[in-house]
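Let's take a walk through this model together. Have the sequence and the 3D view ready.

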Amino acid sequence: MMKLNQLSVIYPDKTIAIDKIDFTLQDEENVALIGANGAGKTSLLLSLVGVIPSIGEIIVDGVLLDKHTLQEIRRKVGVVFQNPDNQLFMPTLYDDVAFGLRNYGVLEHTIEEKVDYYLNELNIMHLKHKSPLKLSGGEKRIAAIATILVMEPSIMLFDEPTAFLDPKARRNLINLLNKLPHAKLIASHDLAFVAEVCDRAVILKKGIIAADGIPADLIYNQKLMDDCGIEAIPYPMKEEK
């Protein structure tokens with residue numbers, strides 16, 4: 001579980017990206033983070049793992065984030081960035097997935113077991129010895145997720161996970177995320193994706209929580225979405241009997 005108490009992110013130029021929000025992410029809960037550009041979504045995600053400084057409390061599985069617990073929090077909370085190239089930089093996919101474990105001094109035979117397990121689970125074992133430069137956009141996205149899963153976090157953060165994906169890769173990602181048991185906080189502009197993957201949605205507007213509820217109650221609400229600078233999607237038509 002992750003709990004935020006009066007969390008703020010204020011940049012050096014005094015811009016308030018996140019303004020005193022309270023929020024709880026329960027175990028195994030899938031929560032969408034929705035907002036217009038500049039609403040604070042990425043700032044919030046990065047603050048949760050100490051990439052950018054924040055004011056207030058971030059508590060993960062009972063552990064308060066501070067300079068002494070930063071590494072522990074980063075083991076508990078994994079981030080999948082919008083651009084998978086930011087997470088894939090080694091000569092082979094295997095080396096990328098093994099990278100975090102090697103940094104923590106895990107024995108190589110244990111690393112190989114864990115890496116092979118997750119590559120099999122994600123159906124990308126055939127890419128094990130390939131260069132990330134040779135992967136498709138969809139393959140890179142799944143590979144980036146593998147680099148996080150192998151660390152066995154309890155919470156996963158995603159920043160625009162459907163960006164750059166073709167329809168087939170997007171569908172594969174939806175199927176994968178719906179199988180993963182982790183608690184997830186997913187920043188996305190893809191509202192149709194949100195409707196399929198998330199059981200709760202939080203809308204950010206200028207750094208504050210403007211709405212929090214069931215996705216269908218929010219993303220089809222034209223007035224609410226207009227007020228928050230987001231384009232609503234048409235309510236799905238019922239099939240004729």
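What covers the buried residues of helix 5? The cover includes strand 6 (77-80), helix 3 (93-103), helix 4 (108-121), strand 7 and helix 6. Before going on, a word about what you're looking at: this is a predicted model, where local features need pLDDT of at least 70 and side-chain atom pairs count only at pLDDT 80 or more, while totals for chains, interfaces and linings use all residues. Residues are numbered from 1 along each chain as its sequence is written, and side-chain values use heavy atoms, with hydrogens and water left out.

Helices (H or I, at least four residues) and strands (E, at least two) are DSSP runs, numbered from the N terminus. Buried means under 20% relative accessible area, exposed means over 50%, and partly exposed is in between (1.4 Å probe, protein chains only).

Back to helix 5. Of its 13 residues, 11 are buried, so helix 5 is largely enclosed by the rest of the structure. Among those buried residues are G138, K140, R141 and I142. As for its length, the end C-alpha atoms of helix 5 are 19 Å apart, which agrees with the 18 Å that its 13 residues should span at 1.5 Å a residue; the expected span is 1.5 Å times one less than the number of residues.

Now move on to helix 6 (residues 167-179). Here A169, R170, L173, I174, L176 and L177 are buried. They cover an arc of only 165° around the axis, which puts them on the same side of helix 6; that arc is taken from the directions from the helix axis to the C-beta atoms. Over on the other side of helix 6, P167, K168 and K179 are exposed. And what do the buried residues of helix 6 pack against? They pack against helix 5 (137-149), strand 7 (155-159), strand 8 (183-187) and helix 7 (191-197), with contact meaning heavy atoms within 4.5 Å.

Next, look for charged pairs. A salt bridge is a side-chain nitrogen of Lys or Arg within 4 Å of a carboxyl oxygen of Asp or Glu, and by this rule the count comes to 12 salt bridges. K140 counts as buried at 14% relative accessibility, whereas D85 is partly exposed at 40%.

Another salt bridge joins E112 and K128, with 3.7 Å between the closest N and O atoms. E112 lies in helix 4 and K128 in the loop between helix 4 and helix 5, so the pair ties together parts that are 16 residues apart in sequence. K128 is buried, with a relative accessible area of 11%, and E112 is partly exposed at 38%.

Then there's K223 with D227, whose closest N and O atoms are 3.1 Å apart. These two sit 4 residues apart in helix 9 (residues 222-227), so they are separated by about one helical turn. K223 is exposed at 60%, while D227 is partly exposed at 42%.
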